[in-house]
Amino acid sequence: MPILKTYTKAHYDRYYASGAWKEETFTGCLAEAVKKHPKKIALVQGDRRVSYAELDELVRRFAAALYEMGIRPEEIVSVQLPNSIELAVVILALVRIGAVYNPLNPGYRKHEVDQIVGLLRPRAVICPREYKGFAYTELHDQAAYQVDSIEFRICVGEPPTPQWVSFEQVLAAGAKALDQHKFPPEIPDPDNVLLLGTTSGTTGNPKIYIHTAQTQLQEAKGVNRLLGVTGEAVFLAMAPMTHRGALMFGFFTSIVAGATLVLADAYDPAKVLHLFEKEKITHFMAIPTQVIDLLALYEKERRGVSSLRLAVMSGAPVGEALVQRFTKAWPHCVPVTGYGMSEVGYCTLTRPGDPKEKLCTSGKPALGMEIEIRDEEGRPLPSGQTGEIHIRGPLVCAGYYANQKATDEAIDRNGWLASGDLGYLDGEGYLHPVGRLKHVIIRGGLKIHAEEIEFILSQHPAVAAAAVVPVPDERLGEKVCACVMTRGGDFSLEEMRAFFEKKGVAKFQWPELIKIFEDFPRNPVGKIDRRAIKEAAAKG
């Protein structure tokens, strides 16, 4: 059944007429790269190297096998793989047949997987048999989401049971199908849904944004144009490509440019610096926390990083001290800052050549995008005044899957998306984000939704009430503090974390601090005063 999108005929008419959307596909970009330089290295993972011709062949095989299985356009495949050549092949194979990539972060455990997969009901699930000591096939076998729609289970590694088939077996089946001239469609519709990603967890259904191949391809091409990216670039993917920002700046941008992508399966500062030097990395994307780590290590042990040309820093505010430290350590590398959300991509960016003082902003709107600042009544505000950031343009997602209420609350009838973030535009049109309206904690660039953590805490028998707040942290930006009223007994950090582990909650969401309250401060109408709780937690 086709996935419902919020785009109207007016959207298609306007964006196609303006050239913001085009009859282009990622499959066509890959074909063009193969035609121009078939032997050029497309992907690097450790000692493994795959040329564009080899990548195209792997993609054709995997796509042919999926198509033979019966997976068709806009049917969903949930994928929980770390950064790897296999993940790249899977994504491009899904693109080739017009199916939908539903990324599951490798850090997700039973709590998150049950919610997302249970809601989406995919035709197939793809994961490693084991990765970093964790058995993913067991997770999916034991998950509460078990639904009849899942017909195929594919794992990277030896299948643990007959219910599973290996990645290599799928490739072999695809090669046989190709030999028999059973080809999947070569040019899927660019307006097909390509990506269903999770923007937040909730106490009920998760919010899953809908992106088409159109929004993703045109964002990749637009980012490359703005930043001057060419086929000579060597990207590094250090963040999981199950995260939309890393999927875009790195993977999609490299495919569109016909460049090389080096895959790091996990973030480790020492390994990243080694890859900078060994693979002659030119472009990378990182959250400010990671940049701080990399600079600290580089200042202790200098490495050959003269190949670096451009770094995108996003996911959290970038301060003046970090910009100065960056440009002093790596004067040959241009830092770029930006603002975005999974729902709208990189909607603002600074450009190479912008004044240094503007690098602490989030830049100007990307091609075709509009930014408007509104007050509490929804009225546009002039430059210099702070309000909620609203975004409109051809990169805005097509709403939230199976959640009309959330879609209507986020996107108005004129196509403006309410970000939930506060900011202002300066006189030159640069965006300055200053805070958030929502109860969202950003720990090292990862969004943690306070209400979800509070709901989990409320299930512990020792907890009478809970409020989850951010506490400032120099390296991570924010840490999660659980403020708890107990039912009369003690409640330790160790006990709380053991409870989260038992619940199967991803570790990055576990609170790192705890503060016990006899009673929460309240405002004059009796509601919990989150600001006062936050201040008390910071002092404590």
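Guide: In E2, Ser 51 is the bridge partner of Ile 41. This is a predicted model, in which local features need pLDDT of at least 70 and side-chain atom pairs count only at pLDDT 80 or more, while totals for chains, interfaces and linings use all residues. Residues are numbered from 1 along each chain as its sequence is written, and side-chain values use heavy atoms, with hydrogens and water left out.

Visitor: What makes E1 and strand E2 a pair?

Guide: Four bridges join E1 to strand E2 (residues 48–51). Pairing requires at least two bridges found by DSSP, so E1 and E2 pair, and they run antiparallel. In their hairpin, which has two residues between the strands, Gly 46 takes a positive phi near 60°.

Visitor: Why is strand E1 called mostly covered?

Guide: Four of the five residues of E1 (residues 41–45) are buried, that is, under 20% relative accessible area.

Visitor: Is Lys 132 buried or exposed?

Guide: The relative accessible area of Lys 132 is 61%. Exposed means over 50%, so Lys 132 is exposed. This residue lies in the loop between strand E6 (130–131) and strand E7 (134–135), strands being DSSP runs of E with at least two residues.

Visitor: What is the phi of Lys 132, and what is that of Lys 280?

Guide: Phi is near 50° for Lys 132, a positive value in a residue other than glycine. For Lys 280 phi is near 55°, likewise positive in a residue other than glycine. Lys 280 is placed in the loop between helix H10 (269–278) and strand E14 (283–286).

Visitor: How many cavities of 30 Å³ or more are there?

Guide: The count comes to two; a cavity is a set of points on a 1 Å grid where a 1.4 Å probe fits but cannot get out.

Visitor: Which residues line the second largest cavity?

Guide: The lining consists of Phe 26, Thr 27, Leu 30, Val 59, Leu 92, Val 95 and Arg 96, lining residues having an atom within 4 Å of a point. Helix H2 (26–36) and helix H4 (85–97) each give two or more residues to this lining.

Notes. Buried < 20%, exposed > 50% of the residue type's maximum accessible area, 1.4 Å probe, protein only. 1 Å grid on protein atoms, 1.4 Å probe; cavity = no way out; pocket = protein on both sides within 12 Å on 5 of 7 lines; lining within 4 Å. Points joined across faces, edges and corners; volume = space filled by probe spheres on them.
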